[in-house]
Amino acid sequence: MNVRILRFWGLLYNRNVKRYICLTLAIVHVLTQLMYMFYTDEGITGIIRNSYILVLWINTILRAYLLLRDQNSYLQLISNLGAYYHELLHLKDSYVTHLLDQVNRQGQFMARGNLFFGVLTCIGFGLYPLSCSERVLPFGSKIPGVNEYATPYYEIWFVFHILITPMGCCMYIPYTTLCVAFIMFGIVMCKALQHRLRCLNGRQLTRQQLSQEIVESIIYHQRIIDYITTINKLTTYIFLIEFLAFGALLCALLFMLMIVDSTAHVAIVCAYINMILAQILALYWFANELREQNLGIATAAYETEWFTFDIPVRKNILFMILRAQRPASIRLGNIRPITLELFQHLLNTTYTFFTVLKRIYG
């Protein structure tokens, strides 16, 4: 689903004019938003809301740029994922088949859920002007030399905002879901390797067959590491930018939730917060699980009763255990692994700054 959406907009596979149209419109839109932020005399509520929207659009352009710049790498990663998937499927192992079916269901649920939150956010952008007592646009924009609140410029610009919103959503949401899908399949690969190692004790293997099985497991483990390293290389810096930006925005939106005086505005702000949390939590949950399953490979290797094997086989298993104890992870700016502990720190820090703002405002 995500690849089809990105292909439709020409960001993957198809190199058509749609990519230039959507990027040009998005860049023009961001420029008008920047002009608005520089010259606006709105209150704090309007500034927070438009800052949130501006960050989303800048992030959307960055994601599209990364897809275009590293398109060959993304396409190769997708191709590798397909090859690894069919390789596991051809094993005809009931446990591995169950893992593949499970990850397919989770991936479809994730894609639909993220698109649903995206639709809610688009609806929130569209309904915001209707909840105001005066003329406002879905996004704060300023065009030099034009009064955008006068007829017919207001109507034209309003329609432009409504049309560009789903386009931006289709550029933004599928990227996150695609990255999470990469991570979810990495988890399946780790579990498949653990299952393979744990089944060694129940198989009647000769010394040569056992040695070959361990060597193949080490090769597969290295393939997992290379796969995760590729994902991290493509996403580490955009995830760092989002971590910093979304932490600040979450704090600002919580503050905005405290000072708005309209039920409609409260509902819209809640939709914004839910979108941020849904995007971050999905990524951090599965990235944390990927790290844990990489650590689980060391445990599975230790459970093979390696101390009863021949010395060369023991050495191979020990090297595998030592490598698995330094798990391959998705990192923020190649600095720190993405884990649920990091997500908790983000929420704690956000709430701390929120309480400071609340005390100052009070």
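Predicted model: local features only at pLDDT ≥ 70, side-chain atom pairs only at ≥ 80, totals over all residues.
Local features are reported at pLDDT of at least 70 and side-chain atom pairs at pLDDT 80 or more, whereas totals for chains, interfaces and linings use all residues. Residues are numbered from 1 along each chain as its sequence is written, and side-chain values use heavy atoms, with hydrogens and water left out.

A pair of aromatic rings is described by the distance of the centres and the angle of the planes. Rings of Phe, Tyr and Trp (its six-membered ring) count as a pair if their centres lie within 6.5 Å; planes under 30 degrees apart are stacked, those over 60 are edge-to-face, and the rest are tilted. The structure holds seven such pairs. In one of them, the rings of Tyr84 and Tyr227 have centres 6.2 Å apart and planes at 70°, so the pair is edge-to-face. Tyr84 lies in helix α4 (residues 71-89) and Tyr227 in helix α7 (residues 207-259), so the pair ties together parts that are 143 residues apart in sequence. Helices (H or I, at least four residues) and strands (E, at least two) are DSSP runs, numbered from the N terminus.

Tyr84 is buried, with a relative accessible area of 15%, and Tyr227 is buried at 3%. Here buried means under 20% relative accessible area, exposed means over 50%, and partly exposed lies in between (1.4 Å probe, protein chains only). Tyr85 and Phe185 form a tilted pair, 6.4 Å from centre to centre with 40° between the planes. This pair links helix α4, which holds Tyr85, to helix α6 (residues 153-198), which holds Phe185, across 100 residues. Both Tyr85 and Phe185 are buried. Tyr84, Tyr85, Phe185 and Tyr227 form one aromatic cluster.

Tyr227 also belongs to the nonpolar core. In soluble globular proteins, nonpolar side chains tend to be buried together. A nonpolar core is a set of buried Ala, Val, Leu, Ile, Met, Phe, Trp, Tyr and Cys residues joined through side-chain atoms within 4.5 Å. The largest one has 116 residues, and those with the most contacts inside it are Tyr52, Tyr227, Leu253, Tyr284 and Ile330. Helix α6 gives the most to this core, with 24 residues. Leaving aside neighbours within four places in sequence, Tyr227 is in contact (heavy atoms within 4.5 Å) with Leu77, Leu81, Tyr84, Phe182, Phe185, Gly186 and Met189. Tyr284 is in turn touched by Thr339, a buried residue with a relative accessible area of 12%.

Side chains of opposite charge can pair when their charged atoms come close. The structure holds seven salt bridges, each with a side-chain nitrogen of Lys or Arg within 4 Å of a carboxyl oxygen of Asp or Glu. Arg69 and Asp70 form one of them, with the closest N and O atoms 3.0 Å apart. Arg69 is exposed, with a relative accessible area of 52%, whereas Asp70 is buried at 14%.

Arg196 forms a salt bridge with Glu216, the closest N and O atoms being 2.7 Å apart. Arg196 lies in helix α6 and Glu216 in helix α7, so the pair ties together parts that are 20 residues apart in sequence. A further salt bridge joins Arg198 and Glu303 at 2.9 Å, N to O. Arg198 lies in helix α6 and Glu303 in the loop between α8 (263-302) and α9 (311-324), so this pair ties together parts that are 105 residues apart in sequence. Salt bridges that share partners join Arg196, Glu213 and Glu216 into one network.
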